[in-house]
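Please read this briefing alongside the sequence and the 3D structure.

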Amino acid sequence: MAATGEQQGREYLERYKIPELLHNLSALLLYHRPERPREFLIHALERVKLAKLTDAEYPYLVDESNLDAMFEMLDTASQGYITLVQYKGALKTLGLSTQDLPYEEDATITLEIFKKEIGKTKPKLRR
């Protein structure tokens, strides 16, 4: 019975994307290292709420130049594309969901697709 409760707990967390949120907040906190971390986190959560209600920018650590660099590191052979497995790994690293991706397993992801697709997910890219 405990396994059922544990599974339900995991499903609840996944449904509301709590692990991704906590990962992103932790990354923001470690990147900025504010003097008042609790206030910083409250402010970040307020920005998350605002971003969900409006088209405001989500508090996010990675910008376009970081995505260019990440893609270049993944595309070690300079082929101009990465595999879906590499793309999913990048999403996980960024704390984004890999569920419901519109690609077949043998798909190749170009830099343009990489940036466009990551930009479509909340959090949004900073410019």
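This is a predicted model: local features need pLDDT of at least 70, side-chain atom pairs count only at pLDDT 80 or more; totals for chains, interfaces and linings use all residues.

Residues are numbered from 1 along each chain as its sequence is written, and side-chain values use heavy atoms, with hydrogens and water left out. The chain holds 6 helices and 2 strands, where helices (H or I, at least four residues) and strands (E, at least two) are DSSP runs numbered from the N terminus.

**Overall make-up**

- Read from the N terminus on, the elements follow the order α-α-α-α-β-α-β-α.
- The chain has 127 residues, of which 24% count as buried; buried means under 20% relative accessible area, exposed means over 50%, and partly exposed lies in between, using a 1.4 Å probe and protein chains only.
- Among contacts between residues at least 6 apart in sequence, 60% join residues at least 24 apart, a contact being heavy atoms within 4.5 Å.

**The pair α2 and α3**

- Helix α2 (residues 18-32) and helix α3 (residues 37-53) have axes that come within 11 Å and cross at roughly 130 degrees; the axes are lines fitted to C-alpha atoms, for helices over the stretch in contact, and angles run from 0 to 180 degrees between N-to-C directions.
- That angle makes α2 oblique to α3, since angles under 35 degrees count as roughly parallel, over 145 as roughly antiparallel, 65 to 115 as roughly perpendicular and the rest as oblique.
- The crossing of α2 and α3 is right-handed, a term used if the near helix is turned clockwise from the far one by less than a right angle, with anticlockwise giving left-handed.
- From α2, the residues L21, L25, L28, L29 and H32 meet P37, F40, L41, A44, L45 and V48 of α3.
- Sorted by class, this contact of α2 with α3 has 10 nonpolar residues, 1 polar residue and no charged residues; Ala, Val, Leu, Ile, Met, Phe, Trp, Tyr, Cys and Pro count as nonpolar, Asp, Glu, Lys and Arg as charged, and the others, Gly among them, as polar.
- The loop between α2 and α3 contains P34, which counts as partly exposed because its relative accessibility is 24%.
- Leaving aside neighbours within four places in sequence, P34 is in contact with L29 and F40.

**Buried and exposed faces**

- In helix α4 (residues 64-74), the buried residues are L67, M70 and F71.
- In helix α5 (residues 84-93), L84, Y87, A90 and L91 are buried.
- Seen down the axis of α5, its buried residues fall within an arc of 115 degrees, so they line one face of the helix.
- V85, K92 and T93 are exposed on the other side of α5.

**Loop residues with positive phi**

- K17, in the loop between α1 (2-15) and α2, has a positive phi of about 55 degrees although it is not a glycine.
- K17 is partly exposed, with a relative accessible area of 41%.
- S78, in the loop between α4 and β1 (81-83), has a positive phi of about 55 degrees although it is not a glycine.
- S78 counts as exposed, at 63% relative accessibility.

Terms used: The arc is that of the directions from the helix axis to the C-beta atoms.
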